[in-house]
Amino acid sequence: MRGKKLYINTIGCQMNVYDSGKMADMLYRANYQLTDAVSDADLVIVNTCAIREKAVQKVYSFLGRIKKLKQKNPGLRLVVAGCVAQQQGRAIASRFPQVDIVLGTHAVQQLPDLIQELEKHPRQIIATEMTDFIDEPGPADFSCAGLSASRDGIISDFVTIMRGCDNFCTYCVVPYVRGREISRQPQAIIAEIESLVQAGIREITLLGQNVNSYGIKENLTSFPDLLAMVNAVTGLERIRFVTSHPKDLSDALIEAFGTLDKLCNHIHLPVQSGSSRILKKMNRKYTRESYLEKIEKLRAVSPDIAITSDFIVGFPGETDQDFQETMDLIDRVGFDSVFAFEYSDRPEAPASRFKDKISPEIKHERLQALFKRQKEITRRLHEALVGRRFSVLIEGASKNQIKHTADADAVELTGRTSENRIVNFKAPADWGIDIDRRKGETKGVKIEAAYSNSFWGVVADRPEMR
Ligand code: SAH
Ligand code: SF4
Ligand code: F3S
């Protein structure tokens, strides 16, 4: 019997998702069981994000909710982890007395000990010291028992290969809340991946703020060599990575898309702006032209590669002309999809002190115009894929269960192509109802209909695309 109930609310990027998984695994071993209902919990963790003001507001409103729950259940414990914890430290504990532990981004591994300490001497605990080493959990820490705590039944998982960031883009809070860039040892990464594969994981996404500079500071293996090592892990089907900074996208990494059979046919390459003038003010260290050259090189190696990106609109000083250059770049590249955000002042980041701030109205207008343009491009690209056959890694039964077929008993499955496109399809009748057995299998699927965020298809042999 499991003793206590744990609820985790993860806000922010994949790094936080990975850290939340680690916390769940560690606490599973300390007799905690995950619950989906916050009202049942004995321990609540909110893993926070500071990237934009909106993300921080989300944290505050969640803390308000927990305050009310604590009034009903005084035994409830509350941990604030992640980037807002690191950014604000003691200040967040003072402002929100309902907080028991403030767990900085370098303190994740200390959590079980801190909870024990808290039980012994109830008080607010602040753990926000930054370290210049990266914790190295050995393979024993990734036993199936731990995995089942948080990731039961999934086929795709994240592995952090490096922490922190040294790039100091002028708008960004990450270097201040995650600290300096540091890479893990390749052996530790491979060992972690091998144990995940043993536990049923088929797809791994390698995580870092700038994976392309993996190992450079520490004189370890280069990132393309690390990818080749991961490619050799038996039983692993697919490899993805985020994020690659355009300034460091090397020819060797571009080549890897042509040589490594498990490396997925997709790259997320955040450009932020199509104006070289703005890119300079952002301290991105590449130009519009050099970005477009890299896209050309990628397509020379893999003509069908899916390219996605991030944009910031309304960076201080962004003129209509600059924004038009962003729109023009969107037209030229033909991204599969994009994330785009209104620029948000971060007090630590230098751009918060730049002049010529853009009004909220103009930021909003530009964001809507960008989304509209991209929607048309995505629709065109997606429609052109109807009739083609792709390899789909099956993730399970389709959640939304929009019935595409007249047959009411038909089971609809969902999975992704190597390009990271979501494909739903009807399970062939002879697969029976035990669909869970099909999770993690790769099947050829012919696309029959394209929607804005997904596709519908039928099982077909011999996929033309990996
Ligand atoms: N390391 C990654 C990005 C991490 S943050 C990279 O270099 O690309 C994810 C995205 O959030 C960024 O790509 C950027 O588009 C957005 N972002 C970061 N800081 C922001 C800010 N102050 N305002 C608005 N968007 C921001
Ligand atoms: Fe932020 Fe730039 Fe580092 Fe990405 S590369 S995390 S945008 S500072
Ligand atoms: Fe947010 Fe921290 Fe990630 S600020 S985007 S959770 S690194």
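Biologist: Is Tyr291 buried or exposed?

Modeller: Tyr291 counts as buried, at 1% relative accessibility. Buried means under 20% relative accessible area, exposed means over 50%, and partly exposed lies in between, with a 1.4 Å probe and protein chains only. Tyr286 is also buried, with a relative accessible area of 7%. The model is predicted: local features need pLDDT of at least 70 and side-chain atom pairs count only at pLDDT 80 or more, while totals for chains, interfaces and linings use all residues. Residues are numbered from 1 along each chain as its sequence is written, chains are lettered from A and ligands numbered from 1 in the order in which they are written, and side-chain values use heavy atoms, with hydrogens and water left out.

Biologist: How many aromatic pairs does the structure hold?

Modeller: The rings of Phe, Tyr and Trp (its six-membered ring) pair if their centres lie within 6.5 Å; planes under 30 degrees apart count as stacked, over 60 as edge-to-face and the rest as tilted. The structure holds 11 such pairs. Tyr286 and Tyr291 make a tilted pair because their ring planes stand at 35 degrees, with the centres 6.2 Å apart. Phe311 and Phe335 form an edge-to-face pair, with 5.7 Å from centre to centre and 80 degrees between the planes.

Biologist: Which parts of the chain does the pair of Phe311 and Phe335 link?

Modeller: Helices (H or I, at least four residues) and strands (E, at least two) are DSSP runs, numbered from the N terminus. The pair links distant parts of the chain, with Phe311 in strand E13 and Phe335 in the loop between helix H13 (320-333) and E14, 24 residues apart. Both Phe311 and Phe335 are buried. Elsewhere, Tyr171, Phe315, Tyr343 and Phe354 form one aromatic cluster.

Biologist: Which residues come nearest to ligand 1?

Modeller: A residue is near a molecule if one of its heavy atoms lies within 4 Å of it. Of the 15 residues around ligand 1, the nearest are Tyr171, Gln209, Gln272, Asp310 and Ser344. Strands E13 (306-313) and E14 (337-342) each supply at least two residues of that shell.

Biologist: Which domains does the shell around ligand 1 draw on?

Modeller: Domain bounds come from an automatic or database domain assignment. That assignment gives domain 1 (4-127), domain 2 (137-264), domain 3 (266-383) and domain 4 (389-459). The shell around ligand 1 draws at least three residues from each of domain 2 and domain 3. Taken over C-alpha atoms, the centres of domain 1 and domain 2 are 25 Å apart.

Biologist: What polar atoms lie by the nitrogen and oxygen atoms of ligand 1?

Modeller: A polar contact is a pair of N or O atoms within 3.5 Å; within protein, one must be able to donate a hydrogen and the other to accept it, and residues adjacent in sequence count only if both atoms are side-chain atoms. A polar backbone atom of Tyr171 is 3.0 Å from a nitrogen atom of ligand 1. For Arg284, a polar side-chain atom lies 3.4 Å from an oxygen atom of the ligand. For Ser344, a backbone N or O atom lies 2.8 Å from a nitrogen atom of ligand 1.

Biologist: Which residues are around ligand 2, and which are around ligand 3?

Modeller: The residues around ligand 2 include Cys165, Cys169, Cys172, Tyr171, Gln209 and Arg284. Among those around ligand 3 are Cys13, Cys49, Cys83, Arg178 and Gln209.

Biologist: Where is Asn47, and what does its side chain reach?

Modeller: Asn47 lies in strand E3 (residues 43-48). Asn47 is buried, with a relative accessible area of 1%. Its side chain reaches the backbone nitrogen of Gly82 at 3.3 Å.

Biologist: Which backbone angles call for a second look?

Modeller: Most residues other than glycine have a negative phi, and most peptide bonds are trans. Lys285 is not a glycine, yet has a positive phi of about 65 degrees. Lys285 is found in the loop between helix H11 (276-281) and helix H12 (288-301) and counts as exposed at 55% relative accessibility. Asp356, not a glycine either, has a positive phi of about 60 degrees. Asp356 is in the loop between E14 and helix H14 (360-383), and its relative accessibility of 56% counts as exposed. The peptide bond from Val242 to Thr243 is cis, with omega near -5 degrees. Thr243 has its place in the loop between strand E11 (238-242) and helix H10 (251-259).
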